[in-house]
Structures are given as C-alpha cells and as structure tokens.
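Here are some notes to read alongside the model, written for someone meeting it for the first time. Please keep the 3D view open as you go.

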Amino acid sequence: MINGENYKRRRKEAFSDDEDSCSTDNEPKKKDLNGIITSLLLLEEQEKRDHEEQNEASNEEKSILESNHKRKTRTMLEFYTNLQDYYSEIDETDRVKRKKSRTMAASVAVAAVSQTENQSPNQQNKQSGSGQQRRLWVKDRSKAWWDDCNRPDYPEEEFKKAFRMSKSTFELICEELNSVIAKEDTTLRNAIPVKQRVAVCIWRLATGEPLRLVSKRFGLGISTCHKLVLEVCSAIRSVLMPKYLHWPEEDSLRKIKEEFEGISGIPNVVGSMYTTHIPIIAPKISVAAYFNKRHTERNQKTSYSITVQGVVDPRGVFTDVCIGWPGSMTDDQVLEKSALYQRANGGLLKGVWIVGSSGYPLMDWVLVPYTQQHLTWTQHAFNEKIGEIQKIAKEAFGRLKGRWCCLQKRTEVKLQDLPVVLGACCVLHNICEMMDEGIDPDLKFALADDEMVPEVALKSVSSMKARDAIAHNLLHHGLAGTAFL
C-alpha cells in the first residue's frame with residue numbers, strides 16, 4: 001500500500017512539472033500572437049481613417065467643382081440674357097429708323113409725283129424735249145450675268161458649280177418660299193423676282209463674296225443685296241426648317257438605329273454629335289466671351305467665334321442644331337444650353353445613345369470614347385468603332401462649311417443676325433443631302449476644332465457600366481475593329 005501511494009505521488013508531481021514547463025513555453029507565443037493581432041487592428045483602424053479622410057477630400061473637391069461649374073453656367077446664362085436684351089434694343093432702334101426713313105421717302109415721292117402732275121403740258125413737253133425724264137428709285141445696273149444663269153439652256157454643271165445645287169433643287173426652294181418672299185410691282189419700280197432673290201442669298205452663302213461684288217453680279221444695290229440675304233434666310237428658317245430639319249419620328253428612328261448598328265455594331269444609336277466654331281469679327285460688347293483661345297494659339301492670330309452644335313443621321317443630315325453660343329464655351333457647356341439637353345432631361349432620349357467626341361461627358365444618353373491612358377484591347381476596339389460614327393458628323397460639318405464658304409471666314413453679317421444665317425445654311429445643307437447633291441472634291445473643307453476634356457467627364461455611373469458592356473459585346477462577338485493591334 002505504501003509503495004502504491006508513493007508511486008501515485010511521484011506520478012502526480014511529474015505531471016505538474018510537465019504542466020508548468022508547457023505553460024512557461026506558451027506564454028511567449030501568446031504574447032507574440034497578441035502583439036500581431038493588436039498591430040493588425042491598429043493598421044485596419046488607420047486604413048479606415050485614411051479611407052474616410054480620402055472620401056471627405058474627394059467629396060469636398062467634387063462639391064467645389066460642382067459649385068464652380070454652376071457658378072460659371074449661371075454667369076454665362078446671365079450674360080447671354082443681357083446680350084439678347086441689348087440686341088433687342090438695337091433691333092427696335094433700327095426698326096424705328098427704317099420706319100422714319102421709309103416715311104420720309106414716301107413723302108418725297110408723293111411730292112415729286114404731285115409736282116409733275118401739276119405742271120402744265122407745255123412745261124412737260126419742254127422737259128421731254130430737253131432730254132429723258134429722270135426715273136425715281138431705280139439706278140440702271142447690268143444684270144447680264146444673272147440673266148445668263150437664268151436661261152433655260154444654261155449648262156447644268158455651271159449652274160451647280162455656282163449655286164452648289166442643281167436647277168431642280170433650286171426651283172424646289174423657290175417654290176417653297178414663293179408665298180413668303182414674293183413682292184408686288186409698284187408704280188415706281190418693278191419687284192425683284194423670287195428666283196433672283198433666292199439666287200442672291202444662295203450665291204452670297206456659297207461664295208462668301210463681299211456685298212459690293214454680289215451687287216455688281218446681280219445688278220442690284222448693296223443695301224438691297226444685304227436686305228435680300230437676311231429676308232431669304234429668315235424665310236428659310238421659318239418655312240423650310242420645320243420641314244427639313246427636325247427630330248425624326250419613331251419609324252425614322254428605327255431605321256437610323258439599324259443603319260448606325262450596321263456601321264459600328266453599337267445598338268440604339270440615333271445620332272452623331274459634333275460642335276464647330278464659326279469665325280466672327282470682334283464684337284463691340286463682351287469681347288472676352290467670344291474669344292477663342294484654342295484657335296488663337298494655333299493660328300497665332302486673335303480669333304473670335306460662335307458655336308454650332310449639330311446631331312446628324314447616318315446620311316449626314318442634321319436632325320438637331322444649337323446655334324449662337326459664344327466661342328469661349330466648351331463643348332459640354334454648349335450641350336447643357338441646348339434644347340436637346342432639355343429634351344433628354346425630360347426623358348425623351350431614354351434608352352438611346354447619341355455618340356459624341358471626348359469633349360462631351362459620358363451620360364445616360366451621350367456615348368463617348370475612353371480617354372484614360374493605357375487602354376485595354378477591349379477599350380481600343382470600342383474607340384475604333386465609335387470613331388466610325390463620330391466621323392459621320394465631322395464629315396457632315398466639313399461638307400456644310402465646304403458648300404457654304406461664308407462659314408469659313410469672318411463675315412459682314414451682324415452678330416445678332418448670324419444665327420438666322422447659320423440656321424439657313426444648315427437647312428440648305430439638309431436639302432442638298434436629301435436630294436443627293438454631291439459636293440465638288442475641291443470644295444471639301446478640313447475642320448480644325450480642338451477637343452477639350454470636360455470638367456466633369458462622367459455624369460452617370462450606370463452609363464459607364466453600359467459602355468463597358470457594349471465594349472465587351474463588340475469584342476466577344478467579333479464586331480470590333482483590329483486596327484489597334
């Protein structure tokens with residue numbers, strides 16, 4: 001019994017010694033593990049704080065950018081409103097002056113006619129015997145050039161070279177405008193025919209010739225030619241624009257989508273958008289607003305301009321235009337001022353794309369190329385296909401400026417009248433495109449409108465995901481180009 005108890009006691013002591021040795025070995029390991037866990041927790045906490053600080057900084061920067069953008073937009077809108085009011089006052093002053101001048105001229109004419117009627121027959125015979133009686137209002141000018149062009153047997157090629165369209169298209173425009181611009185003969189002089197009125201306007205737009213040369217060519221006064229150009233342009237904008245330049249109906253939109261998808265493989269594209277600049281003479285007010293910094297730096301010559309934003313279909317026909325905003329505005333700022341932008345905000349462009357250049361932001365309805373560095377193959381392929389759609393709009397603007405050379409250089413037209421003239425050029429361009437009026441290769445114009453990345457290049461996260469999906473679909477279905485390789 002005693003031996004058994006001694007054995008048990010020795011065994012218990014040995015077991016306790018083993019436990020003590022194990023506990024002493026595990027204590028350093030536990031301390032190391034606790035230190036590692038503490039370090040990880042501290043690192044995680046530090047990372048979380050850094051992430052929160054970064055989010056706060058980015059949100060603050062975003063709010064600053066948005067506030068600056070809103071302030072610039074508000075300032076530009078106020079400026080344009082004041083500018084419109086100023087031009088309205090000028091128009092009213094000019095109208096009053098013209099009315100007074102017409103009243104005085106009419107009174108002089110009535111006095112001259114009454115004096116002639118009150119003369120005795122002997123005096124009238126004496127005047128007629130001494131020489132030909134002077135005619136009122138009319139100065140003899142040569143109309144030989146226009147009379148030659150107006151002959152039925154005048155060569156079709158020469159006519160098209162002069163007026164950028166065939167005789168049949170010219171006759172169509174005259175018939176459409178006849179009820180608006182036709183004038184009646186008076187006792188003092190015969191009215192200018194409708195054809196001659198339209199010809200003066202189209203020749204002036206097509207060649208950009210100074211009014212004094214247009215006057216000699218058509219046998220009319222300089223002021224008369226200037227007045228005819230504005231009257232016909234106003235008639236084109238009011239009568240022909242609703243018919244030849246408008247947003248397509250549903251059936252037409254379906255065909256446009258199919259044609260664009262056949263060109264690029266990108267579905268639901270309804271238009272290609274581009275913004276160009278029209279050079280102008282330095283305005284008398286708000287010079288800085290119309291100053292074109294990019295063109296000034298490139299041409300080494302001070303340049304001023306106004307903008308023309310247009311959306312075209314696969315044929316290069318304009319379906320929407322926004323004309324007249326100052327040249328200092330970027331493409332995305334002009335877009336925000338357009339009626340197209342308002343329609344899109346109203347939900348009328350939901351589910352469709354309008355393709356733009358890198359100067360526009362990516363939005364729910366505006367599809368633009370990738371602009372970041374180090375693009376993937378998928379992104380390169382997408383940019384190549386979307387470039388084919390962009391090229392349609394750019395070539396359409398090239399034909400617009402090629403046909404109507406008045407858009408290539410600074411014009412004599414007043415700034416407040418220029419949107420009417422530019423709108424008429426866009427309508428005439430559409431008519432020529434619809435009638436398959438080709439353009440002389442010598443008239444093609446190379447555009448030089450520099451693109452600028454907008455302040456806010458991404459305005460919709462969902463549109464970014466949709467663009468990525470389109471890019472992957474193009475590459476995986478073998479629809480993307482391979483030029484980037």
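How many helices and strands does the protein have? The protein has 16 helices and five strands, where helices (H or I, at least four residues) and strands (E, at least two) are DSSP runs, numbered from the N terminus.

1. A word on the source. This is a predicted model, in which local features need pLDDT of at least 70 and side-chain atom pairs count only at pLDDT 80 or more, while totals for chains, interfaces and linings use all residues. Residues are numbered from 1 along each chain as its sequence is written, and side-chain values use heavy atoms, with hydrogens and water left out.

2. The protein overall. Of its 485 residues, 40% count as buried; buried means under 20% relative accessible area, exposed over 50%, and partly exposed in between (1.4 Å probe, protein chains only). The accessible surface comes to about 28,700 Å², and carbon and sulfur atoms hold 52% of that surface. Areas come from the Shrake-Rupley method with a 1.4 Å probe, and for residues only the protein chains shown count as cover. Take the contacts (heavy atoms within 4.5 Å) between residues at least 6 apart in sequence: 72% of them join residues at least 24 apart.

3. Strand β2. This strand spans residues 304–312, and nine of its nine residues are buried. Y304, I306, V308, G310 and V312 point one way, whereas S305, T307, Q309 and V311 point the other way.

4. The neighbours of β2. Two strands pair if DSSP finds at least two bridges between them. Strand β1 (residues 269–280) pairs with β2 in the antiparallel sense over nine bridges, and S272 has V312 of β2 as its bridge partner. Strand β3 (residues 318–326) also runs antiparallel to β2, joined by six bridges; here G310 is partnered by V321 of β3. Five residues lie between the strands in the hairpin of β2 and β3, where G316 takes a positive phi near 90°.

5. A glycine to look at in β1. G271 sits in strand β1 and is buried, with a relative accessible area of 0%. Leaving aside residues up to four places away in sequence, G271 touches F260, V311, V312, W353, I354 and V355. The C-alpha atoms of G271 and V352 are 9.2 Å apart, although 81 residues separate them along the chain.

6. Aromatic pairs. The structure holds 14 of these; rings of Phe, Tyr and Trp (its six-membered ring) pair if their centres lie within 6.5 Å, with planes under 30 degrees apart counted as stacked, over 60 as edge-to-face and the rest as tilted. Y274 and F397 make a tilted pair, because their ring centres are 5.4 Å apart and their planes stand at 50°. Since Y274 lies in strand β1 and F397 in helix α14 (residues 377–403), this pair ties together parts 123 residues apart in sequence. Both Y274 and F397 are buried.

7. F291 and Y304 are edge-to-face, at 6.0 Å centre to centre and 65° between the planes. F291 is partly exposed, with a relative accessible area of 29%, whereas Y304 is buried at 15%. Elsewhere, W145, W146, F159, F163, F170, W203 and F218 form one aromatic cluster.
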